[in-house]
Amino acid sequence: MQKINFRIDDRLDRELRRRAFGAGLSVSDFARRALEQAVDERKRYVFSSQDEILATAIQILSIVATSVGERSPKALEQGMAQARAILAERGLLGDETAR
């Protein structure tokens, strides 16, 4: 197996680590899969099934949040605050949205 070394800037490093964590992979495994995808002749995105699950979850949660918000705006506000805290803790929110 060949070894590749290269430098990346701090922003790219943060994003790479965030995406790897979100995919449940080490940075090396995530980067390896991204490189595999880049040379895949079929041009398929490696994590498409996870993206489809995420898209479905977001749609479901949006419907639930709308329903809860109509019934109890305070409960929605508390739930959103808790969700932001959890996402921030896991590095899934940018600095400007982590308030």
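1. The model is predicted, so local features need pLDDT of at least 70 and side-chain atom pairs count only at pLDDT 80 or more, while totals for chains, interfaces and linings use all residues. Residues are numbered from 1 along each chain as its sequence is written, and side-chain values use heavy atoms, with hydrogens and water left out.

2. The chain has four helices and zero strands, in the order α-α-α-α along the sequence; helices (H or I, at least four residues) and strands (E, at least two) are DSSP runs, numbered from the N terminus.

3. Of the 99 residues, 8% count as buried, where buried means under 20% relative accessible area, exposed over 50%, and partly exposed in between (1.4 Å probe, protein chains only).

4. The largest nonpolar core consists of Leu-16, Ala-20, Ala-23, Leu-25 and Phe-30, such a core being a set of buried Ala, Val, Leu, Ile, Met, Phe, Trp, Tyr and Cys residues joined through side-chain atoms within 4.5 Å. H1 supplies the largest share of this core, with three residues.

5. Ser-26 lies in the loop between H1 and H2 and is partly exposed, at a relative accessible area of 36%. Between Ser-26 and Leu-16 there are 9.9 Å in space, C-alpha to C-alpha, and 10 residues in sequence.

6. The second largest pocket holds about 690 Å³ of space. A pocket here is an open set of points on a 1 Å grid over the protein atoms alone, where a 1.4 Å probe fits, with protein on both sides within 12 Å along at least five of seven lines; lining residues have an atom within 4 Å of a point. Of its 19 lining residues, the closest to the centre are Phe-6, Ser-28, Ala-31, Arg-32 and Leu-35. Helix H1 (10–23) and helix H2 (27–39) are the elements that give two or more residues to this lining, and H2 gives the most, with eight.

Key: Points joined across faces, edges and corners; volume = space filled by probe spheres on them.
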